Amino acid sequence: MNKIYPTLENALDAVDDGMSVMIGGFGGAGAPIETIHALVERYKRTGSPGRLTVINNNAGNGAVGIAAMIYAGMVARMVCSFPRSSDPKAFTDKYLAGEIELELVPQGTLAERIRAGGAGIPAFYTPSSFGTQIAEGKPVAEFEGRPYVQERWLKADVALIKADLADRKGNLTYRKAARNFSPLMAMAAKTTIVQASRVVEPGGIDPEHVVTPGIFVDRIVEVANPQQEEALLREGAK
Amino acid sequence: MTTKLTNAQIAWRAAQDLPDAAYVNLGIGFPEMVAKFKPKGREVTYHTENGILDFGEAPPAGEEDWDLINAGKKAVTLNPGASFFHHADSFAMVRGGHLDVAVLGAYQVAESGDLANWSTGPGSVPAVGGAMDLVHGAKQVWVITDHVTKKGEPKLVESCTLPLTGVGCVTRVYTSLAVVDVVDKRFVVREKLASISLDDLQAVTGAKLAVGDTIGELNVPEI
């Protein structure tokens, strides 16, 4: 078993037009910048993959990462909890012009929908959003005297993840709070593509320290010394 | 004499009620200020939605690690005993009833405990983040806010006119004029500034204020 791919370009050949793409990260922490930019480069060169649905907590910041995808015109739809950032222009302009669709999901509901998608649970009930616009049209049921809103699982064609360590079997660790949505997304996608800062031999990650077990991972590319979105933005990246 | 509390003073007052050994989530923006005024000797563990328990103050400028941020995307540090976890675990802590206190800002709070704090209505990009989850599950949900809007309109109202974040979720409101509990779908004044009469407080409040056994004096140091 060897899930290591030589280049991001190779690994990303699983991404096609019209697909749903989960992208790990919360703001800049955990954003797989090199992977996203490789996809943007391919789109600029070939016109594919376009019409993507992107699932992330946010909707891009500045002009790098997901914002670069939006500027390039690859994204038809965003599923996120908080499409605001220190520089949300890429998304805001397209949204207000009606050129990009938004599905707004409360953050905990987004996390649990993705977890459910990866865990084979088609629907669940949550107290979040009861009595709000977000719950309109959704089934409501009472449990122990309190109302709960039914939410459905969320799955994707591919997940793009940034890990710290990986081995060829797909076991992953993450760096600090860069973990956030990534372990959930790795479970919920048909093909999970990981950029890892360092690839180690099997056994090189203590089994006690594995965060994402290899069964959830399909493709790994080593990207040493990866860029960090927030650091890039603060350096004035365009 | 103070006519109303500053934001720092409102945050200070709320911080005095943080219980020892509490797990607390401070909403992004103004509520983050509460941490600064935690009384000495009380141990409070802060939770952030993006997967950290027991984070500490901001690092010195130039020493930020941007993989170590809070929900407001600000750089933080870790206290000894901190932990990382993924987003589903993080919101299990929220909805599962494991947090003691959540502190949030507000556009409006209704006497029923309904909260509006995420959307000012059509015409902007909607963004909800974790607010709709945070209002459910924490044992106490506190709001800190000016008593009125910038235009002078009441923020404590009979029913919210702005889109709701949650229904019947707020337990206590710390305002620039008073401390008000939500009890059985009505506002009960616990403390008010000595410089304002109950009638004057009622005049800037959009719902009937009830009075408990006593009204304490809202005493806050100059900050």
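How many helices and strands make up the secondary structure of chain B? Chain B has four helices and 13 strands. The model is predicted.

**Overall form of chain B**

- A compact globule of 223 residues would have a radius of gyration near 17 Å, and chain B agrees with this because its own value is 17 Å.
- Along the principal axes, the C-alpha atoms of chain B fill a box of roughly 50 × 40 × 30 Å.
- Buried residues account for 45% of the 223 residues in chain B.
- If one takes the contacts in chain B between residues at least 6 apart in sequence, 66% of them join residues at least 24 apart.

**Helix α1 of chain B**

- Helix α1 of chain B spans residues 7-15, and its buried residues include B:Ile10, B:Ala11 and B:Trp12.
- B:Arg13, B:Ala14 and B:Ala15 in this helix are buried as well.

**Where chain B touches chain A**

- The contact between the chains takes 30 residues from chain B and 38 residues from chain A.
- On the side of chain B that touches chain A, the elements giving two or more residues are α2 (87-95) and α3 (131-134) of chain B.
- Helix α2(B) provides the largest share of that side, with five residues.
- By residue type, the side of chain B that touches chain A divides into 16 nonpolar, eight polar and six charged residues.

**The sheet of chain A**

- Strands of a sheet pair through backbone hydrogen bonds, and the pairing is either parallel or antiparallel.
- Chain A has an open sheet of seven strands with parallel pairing, in the order β4-β3-β2-β1-β8-β9-β10.
- At the edges of this sheet are β4 (101-104) and β10 (219-222) of chain A, each of which pairs on one side only.
- From one strand to the next, the twist averages 20 degrees.
- Strands β8 (residues 156-167) and β9 (residues 189-200) of chain A run parallel and are joined by 10 bridges.
- A:Ala166 has A:Val199 in β9(A) as its bridge partner.
- Helix α2 (residues 33-46) of chain A packs on the sheet, where it touches β1 (20-23), β8 and β9 of chain A.
- The direction of this helix makes about 125 degrees with that of β9(A).

Technical notes:
Residues are numbered from 1 along each chain as its sequence is written. Chains are lettered from A and ligands numbered from 1 in the order in which they are written. This is a predicted model: local features need pLDDT of at least 70, side-chain atom pairs count only at pLDDT 80 or more; totals for chains, interfaces and linings use all residues. A residue is buried if 20 or more other C-beta atoms lie within 10 Å of its own, exposed if 12 or fewer, and partly exposed in between; C-beta atoms are placed from the backbone. The radius of gyration is taken over C-alpha atoms; the globule rule is 2.2 Å times the number of residues to the power 0.38. Two residues are in contact if their C-beta atoms, placed from the backbone, lie within 7 Å. Ala, Val, Leu, Ile, Met, Phe, Trp, Tyr, Cys and Pro count as nonpolar, Asp, Glu, Lys and Arg as charged, and the others, Gly among them, as polar. Two strands pair if DSSP finds at least two bridges between them. Axes are lines fitted to C-alpha atoms, for helices over the stretch in contact, and angles run from 0 to 180 degrees between N-to-C directions.
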